Amino acid sequence: MRRRPPLSVAIACAVLTLGQALGDLPARALTASELGLVVNEADPLSVRIGEYYARARRIPPQNILRIRIEGRSDSLTSDQFAALKADLDQRTPGTVQAYALTWVAPFRVECMSITSAFAFGFDRAYCGQGCAVTRPSPLFDSDSRRPYSELALRPAMSIAAANFDNARALIDRGLAASARARSGRPPAGTAYLVETNDVARNVRAASYPDATLLVDGRVPVQIVHAPGLKDRDDVLFYFIGAKSVPDLTTNRFVDGAVGDHLTSTGGNLLGHRQMSSLRWLEAGATGSYGTVVEPCNFTGKFPNVGLLMRRYLAGETLLEAYWKSVAMPGQGIFIGDPLASVGREPGN
């Protein structure tokens with residue numbers, strides 16, 4: 001991972017005051033009736049995941065959107081994607097506010113992640129070639145609950161899995177987490193914020209004390225200095241900066257758990273040079289994030305852990321909370337169950 005130039009983090013994203021950050025969140029999270037489920041008919045696994053998710057979450061039939069992406073390439077060209085996106089836009093009901101994708105690959109469109117390309121359309125301003133900042137997302141720390149109606153974008157998350165058993169387990173964890181949240185029971189588990197000795201990838205650690213304040217006592221928070229967690233049985237949040245996370249599968253993730261590792265190409269879901277973000281889901285997490293091309297270690301290109309935890313615990317869906325935590329998501333892919341939730345919204 002290349003390190004950013006000095007002082008560039010100051011222009012990477014806006015700095016929030018604690019008063020702003022702790023303000024009340026509006027009620028009403030994203031619902032199944034507002035989610036477009038995008039299925040690749042050329043991929044049998046995508047079709048099967050889509051069918052299972054549609055039944056599990058009761059996605060309206062008109063929101064199930066079928067496309068064809070032939071082959072199993074990691075990436076689409078911008079021209080290929082433009083034709084696909086134009087057709088999809090015409091067929092997507094106006095009530096749909098966000099997309100769920102049902103495949104692992106392709107996971108990028110040239111220099112953009114595929115989830116950001118579905119949200120913004122392909123635009124090189126979101127690519128940040130070299131060690132540079134990118135165009136920011138209007139959804140960052142936004143209180144919008146209808147992003148398409150209000151901001152003209154549909155954030156996307158991929159229900160990514162290498163096989164159907166993994167996909168079904170992921171979806172079932174999301175369902176269990178949402179059921180617990182609806183019952184009014186408090187979120188289970190602990191937030192683990194891990195500091196490592198990897199100077200380039202440990203850049204989020206400076207924000208951990210503030211993140212603890214943003215959680216506001218809703219779950220226990222532990223700041224741990226170690227190469228990684230081992231044998232913990234209550235992981236709700238797990239954030240770390242590392243090329244590869246050791247002992248990941250020794251831990252037990254509670255339903256709805258989120259984990260990610262700040263590194264250059266965690267979003268290369270089929271890659272082997274660095275740990276794929278898919279390993280988090282296979283270990284039992286319900287959501288993760290990684291960048292698909294070299295981003296440099298701008299903190300604004302990775303989740304702000306305090307914002308993510310605060311919004312997710314306050315009742316926003318995983319898709320909403322994750323997207324609203326990343327200032328510059330053009331190079332990053334969001335994976336997991338988009339409708340998972342762990343917190344109960346105020347008044348519900």
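**The nonpolar core**

Mentor: Of the 106 residues in the largest nonpolar core, Phe 118 and Tyr 238 touch the most other members. Such a core is a set of buried Ala, Val, Leu, Ile, Met, Phe, Trp, Tyr and Cys residues joined through side-chain atoms within 4.5 Å; buried means under 20% relative accessible area, exposed over 50% and partly exposed in between, with a 1.4 Å probe and protein chains only. Strand 10 (residues 235-241) supplies the largest share of this core, six residues; strands (E, at least two residues) and helices (H or I, at least four) are DSSP runs, numbered from the N terminus. Apart from this core lies another, of seven residues, including Phe 140, Cys 296, Phe 298 and Ala 327.

This is a predicted model, in which local features need pLDDT of at least 70 and side-chain atom pairs count only at pLDDT 80 or more, while totals for chains, interfaces and linings use all residues. Residues are numbered from 1 along each chain as its sequence is written, and side-chain values use heavy atoms, without hydrogens and water.

Leaving aside residues up to four places away in sequence, Tyr 238 touches, among others, Tyr 192, Val 194, Leu 248, Phe 253 and Trp 280, a contact being heavy atoms within 4.5 Å. Across the protein, 75% of the contacts with a separation of 6 or more join residues 24 or more positions apart. Buried residues make up 60% of the 348 residues, and the secondary structure comes to 11 helices and 13 strands. Along its principal axes the C-alpha trace spans about 45 × 45 × 40 Å.
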